[in-house]
Amino acid sequence: MTPGGTATTSLTVRNDSDIVEAYTLEVVGDCAPWATVEPARISLYPGTSETVTITLAPPRSPEVRAGDVPLGVRVLPAEHPESVTVPETTVHIEEFHELRTEILPRRRRGWLRGRYRLAVRNEGNTPTRVSFRPEQAGEELRFGFVPADLELAPGESAETRLRVRIGKPVWFGKPAVWPFMVHTTDGAAEAQAEAEASARPATYVRPPLEAEFVQIPIFPKWLLALLAAILALLLAWFALVRPAVRSAARQAADEVVQPRPTPGGGKNGQSPGTGNGTGTGDGTGKEQGGSGPGVPSGGGPGGTGTSGGGEQSSATIDVQTSGGQTKTGSYTVPQGKVFGVTDIVVANFQGDEGVMTISFGDRKITTIALETFRNQDYHWVTPIEIPANATVTANVTCAKPGTPATGRQAQQCHEVLNVSGVLANVAQ
């Protein structure tokens, strides 16, 4: 019989005893879950018999395997239970084939390939061999199944992996959608149909599984918009901004390299400290061959009359002081000379802590904290005149010696003061 259908058979019970007997009938064996007896209890007079009906209704389930299944009915007398009997027969269960299939996910996105899972369950009552066949309208996609075939017992589930690949990428534009189908073939059903030359279909499967592969472009739309914006910015830079920046930079560079007029302009336009300044003057503070400001002649504030001649000169004052002590270094203007100071440079190369006071004669120029600088310079357009025998002094109070480039803290504070200007003769 076919699972999912019904069939009946009969059993005749006869009372061969000499008393009235009641009999209870019950189906036993593998058929018991889906077989019934009507009526299940009968009473018979001596020498009489009665036929009961056995109804068989095997479900369409993998639990009911195909093949011969024994059927037994236990007949139990009420008065003589020791006389129980179990007549038996055989029920033939026919094969049926049914597959449950599913593809996950139904849609996959990718540049060139997508991966899917095919889940298969054998809902039939006989072992089967399952194979897969892809179908696509064109020939753009390539398919691969791993494994390509599945051997499934009744009620068994398994999965196979499907890889879909396309040969050409989509560089720009919209995503391309490629629909396809997967047919699942039950090999056992096909073999049975061919052997029996049956008119029923060769396969017992659900409709083909439908899925699609969405091929996304390599460069999305937003990237194209971004590239266009960057290109527009680059064009604007080269066409508008860059020329203006280069013009401003060139103008700034020209301003930097222009010579700065300095007092007592050196011979042939040399700046102070870059030449020996040997030009001769005419008593008006102007050198031959130039009209620079020169060293002022007599009559300046606190100054004395000078001859027109002068030369660039500089002096270095080196002061070394122990921590917590004060020390003064000085430079004395020579007899018969006047020193017009235009530049001073102070070096605190160790990073010492403390105070330095710089004085020109009786005039205090500046007081600075050592820890606020490493190198400091001052410049004057109008020279500060220091008369003969007066001194340039650097008074250093060392609070804490610093740490030079060697990485080891120094034992003493060490400051250097360089004074530059024009040293001229005093006018007679």
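**The open sheet.** Select strands S4, S2, S6 and S7 of this predicted model. These four strands form an open sheet, ordered S4-S2-S6-S7, with antiparallel pairing. Colour S4 (41-44) and S7 (88-93) next: these are the edge strands, and each pairs on one side only. Now look at how the strands cross. On average, neighbouring strands of this sheet are turned by 30 degrees against each other, direction ignored.

**The S6 and S7 pair.** Keep S6 and S7 on screen and hide the rest. How many bridges join S6 to S7? There are six, and the two strands run antiparallel.

To centre the view, select Val13, Arg14, Tyr23, Val75 and Pro77, which lie nearest the pocket's centre among its 15 lining residues. The space in this pocket is about 200 Å³. Colour the lining by class: six residues are nonpolar, six are polar and three are charged.

Last stop: select 222-241. An unreviewed UniProt entry annotates these residues as "transmembrane region". In the model, the span is 100% helix and 0% strand. Draw a distance between the C-alpha atoms at its two ends: they lie 26 Å apart.

Technical notes. Residues numbered from 1 in each chain as written. Predicted model: local features only at pLDDT ≥ 70, side-chain atom pairs only at ≥ 80, totals over all residues. Heavy atoms only, no water. UniProt positions renumbered as here; feature names shortened; annotations may be inferred. 1 Å grid on protein atoms, 1.4 Å probe; cavity = no way out; pocket = protein on both sides within 12 Å on 5 of 7 lines; lining within 4 Å. Points joined across faces, edges and corners; volume = space filled by probe spheres on them. Nonpolar A, V, L, I, M, F, W, Y, C, P; charged D, E, K, R; others polar. Pairing = 2+ DSSP bridges. Axes fitted to C-alpha atoms, helices over the stretch in contact; angles between N-to-C directions.
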